[in-house]
Amino acid sequence: MLSFILRRLGTMALTMLCLTLVVFFLINLDPNLKKLAISQTEMHTSAEQLESWLVNHGYRQNFFSRYGQWLGVVPKQPVTDPATGKPGRRFSFCNDPVEPTFSGVLQGDFGCSTKFKTTVASKLFPALGATGILMFWVLVVMVPISLLIGILAGMREGSRTDRTLSVASIASTATPEYVSGVIFTVIFASWLGLLNGSAASASRGITFYNFTLPVMTLAIYGIGYIARMTRASMVEVMTQQYIRTARLKGLSFGSVVVKHALRNALIAPFTVIMLQFPWLLTGVVIVEVMFRYQGFGYTLVEAAGNNDIDLLLGCSLVSVFIVLITQLISDVGYAFLNPRIRVQ
Amino acid sequence: MQLEYIGAFNVVLGVLARFWPVWIALVLVMGASFAYKKRLGLYGQLFDSSVGIVGVGICLFWLFTAIFASTISPFNPLVQIPIMKDALPGAVEPQSGLVYLFGGDKLARDVFSRMVYGSQIVLIIAPAATGFALMVGITLGLPAGYYGGRIDTVLSFLANLVLAFPVILLFYLLVTPGIMETPIPYMMAGLFFLFPIIFFSVLFWTRYKKRPDRLYILLGLTLIIGGWVYAGLVFDADPFRIIHIDPNQLNIFVAVVFASSPGVFRIVRGLVMDIKTRDYVAAAQTRGESPWYIMLWEILPNARGPLIVDACLRIGYTTILLGTLGYFGLGLAPESPDWGTAIKDASRLLRSFIHPALPPTIALMSFVLGLNLLADSLREQSMKD
């Protein structure tokens, strides 16, 4: 088991290395750097001035040396001020070292955000915290509802309850966040006036009034999927021999479901719920933009829209990490929950 | 000047009337399918369940809407008629006397016509991108599952690499205006669009190796048609100017294929690993058939059930992806009538006007729902066998 986890962690590190290299390459394409230079300098700068801005801020160094600097395996070089010839900081708003030092992601330095004029760490981690709160409430809503729907539907396969709930869950998987968000806003904010169509104020304090719509929107897409997986698992368990035995020895239907079927039927949904996180990540981006909630997704869109290189790299590192770590947890947890599985 | 309005009931009647070619086509196709359902195999079995009928009906509805878009829509989706800015549903356009059935958007365009034309974009890109993703996934998934070993390790690692990317980040990196100045989209298009040609060439080669008369015709056809489409799509050099794709649409297309082919790869790989232990595969191996013959002519036909179901779901998912791209304003032109862009434009103004937001959202939702229902009933029918 331990060697399995270690091997998986090794693959994970390799995957993250490859992915960040790809992101680093795509983000540093020449048109993107030009766009960054244009947005960072005054209006109407000439092509030479743009180029000299890029050189002065260290964007024209060798690609691999820059990747190494970001990673922290190559010492970060301070830029030389062309006027005085002294070494200086790349950006005035964050404290890059003025001497060559190893200062990259491995040392915990995520770099500077050119859009927000601050260090990446001071922007990214509060945003992650805000998204964490959103995710928590989404899971609190999504998991019990979807498990309940799945169990009720899978309890008696082919019954009317099953048909109705199955069609409902298919409908919910056909509703992406940007569709359900609009529909819920129209119903609950515009027509009924019950809820706030914007979660911008939720950064200062979460209330039922400003936080329900984002949570609802994000949960609805996942509910259908998890419910369908739970239903499939439940249907399979209900056809097992031991369920028939329990029924034949005179247990009531309810107690068979609760005592015998439920525990075995909930193993598969666990994996599904863990693997739902990467999907939630995309949903989070849409919902945070739609409801103007200042979290991780909002930061990611701002970073990508303004070609904020270090911030976008930080965002991709975090999201890739979340995807991979949930995969690992789901594999390990599955083996843990289901003693018939032995990991090798 | 005051606009004239028609009542809600007349709006509903007007919408139903505008869709007349769709209703006729639907009645013809559904009626014919229903009458001959015994002879239509898997497609005919769909008409045994109500879920299947509804799924087929919705999908066909949007298919015919896309085909007859120019007849259905009363206005050009891009033309702005200033007096109709933010007009409510049912407003009569004074010049032509035609009605803005679902009102006008903030740029004074007809919401109904835009919804109808939006279906064209979705129904061309989503199935085509899914088709290419299937080709890529199958061509790579078959050897990975059949041979296993190192080739499987490498390909699975690459697939997991792409799957570990959050979709939205991938799109922000791959579908930017800047990337069009680099050769990356064309290189990726050049790579992906090779797969169908390779797939069909190998398919015919393995089957008709011993029968040159058939082989040369089929191979020649594959290479001529494939090469023609390839030249038109990748190099925009179709000699007859029939096949043409805008650079930004090509970019979207490539990004969508890139994002969904690892999923197909994983499914195909899993299916092949399951099927290759069957007796008929062992029999073919004993006969001395070549590995690619076994993969393409013994394993693949037996994996078609789950693949068809997956393709249906995947078209729906691709539609959602296209909507996401439109919602973030990536790739598609800002005035493009596709549903995602329309939802983006309308959702910013939800506080003042809600009518431009509802038609595209309901259109997108119903189309994906139709595909999901279709997939669900296909799955049930194929389980019965």
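Biologist: Is A:Gln327 buried or exposed?

Modeller: This is a predicted model, in which local features need pLDDT of at least 70, side-chain atom pairs count only at pLDDT 80 or more, and totals for chains, interfaces and linings use all residues. Residues are numbered from 1 along each chain as its sequence is written, while chains are lettered from A and ligands numbered from 1 in the order in which they are written. A residue is called buried if 20 or more other C-beta atoms lie within 10 Å of its own, exposed if 12 or fewer do, and partly exposed in between, with C-beta atoms placed from the backbone. A:Gln327 has 21 other C-beta atoms within 10 Å, so A:Gln327 is buried.

Biologist: How far apart in space are A:Gln327 and A:Thr15?

Modeller: A:Gln327 belongs to helix 14 (residues 309-337) of chain A; helices here are DSSP runs (H or I, at least four residues), as strands are (E, at least two), numbered from the N terminus. In sequence, 312 residues separate A:Gln327 from A:Thr15. From C-alpha to C-alpha, their separation in space is 13 Å.

Biologist: Is A:Asn307 buried or exposed?

Modeller: A:Asn307 sits in the loop between helix 13 and helix 14 of chain A. Its phi is positive, about 55°, although A:Asn307 is not a glycine. Most residues other than glycine have a negative phi. There are 26 C-beta neighbours inside 10 Å, so A:Asn307 counts as buried.

Biologist: How many C-beta neighbours inside 10 Å does A:Arg292 have?

Modeller: A:Arg292 lies in the loop between helix 12 (277-290) and helix 13 (296-305) of chain A. This residue, although not a glycine, has a positive phi of about 55°. A:Arg292 counts as partly exposed because its C-beta neighbours inside 10 Å number 15.

Biologist: How many residues of helix 9 of chain A are buried?

Modeller: Helix 9 (residues 241-248) of chain A has eight residues and lies largely in the open. After this helix comes A:Gly250, with a positive phi near 100°.

Biologist: How far apart are the end C-alpha atoms of residues 206-227 of chain A?

Modeller: The unreviewed UniProt entry lists several spans of chain A as "transmembrane region", including 176-194 and 206-227; UniProt positions are given in the numbering used here, feature names are shortened, and annotations may be inferred rather than shown by experiment. Residues 176-194 are 79% helix and 0% strand, with end C-alpha atoms 23 Å apart. Residues 206-227 are 91% helix and 0% strand, and their end C-alpha atoms are separated by 28 Å.

Biologist: Which helix gives the most residues to the side of chain B that touches chain A?

Modeller: The contact between the chains (residues whose C-beta atoms, placed from the backbone, lie within 7 Å) takes 34 residues from chain B and 37 residues from chain A. By class, the chain B side has 22 nonpolar, nine polar and three charged residues, where Ala, Val, Leu, Ile, Met, Phe, Trp, Tyr, Cys and Pro count as nonpolar, Asp, Glu, Lys and Arg as charged, and the others, Gly among them, as polar. With nine residues, the element of chain B that gives the most to this side is helix 17.

Biologist: At what angle do the axes of helix 4 and helix 6 of chain B cross?

Modeller: Among the residues that meet are B:Trp62 in helix 4 and B:Leu123 in helix 6. Axes are lines fitted to C-alpha atoms, for helices over the stretch in contact, and angles run from 0 to 180 degrees between N-to-C directions. The two helices are roughly perpendicular (65 to 115 degrees, whereas under 35 counts as roughly parallel, over 145 as roughly antiparallel and the rest as oblique). Their axes come within 8 Å and cross at roughly 105°.

Biologist: What is the C-alpha separation of B:Gly340 and B:Phe328?

Modeller: B:Gly340, in helix 16 of chain B, is buried because 30 other C-beta atoms lie within 10 Å. Beyond four places in sequence, its contacts include B:Leu322 and B:Tyr327. B:Phe328 is 12 residues away along the chain, and the two C-alpha atoms are separated by 8.3 Å.

Notes:
Two residues are in contact if their C-beta atoms, placed from the backbone, lie within 7 Å.
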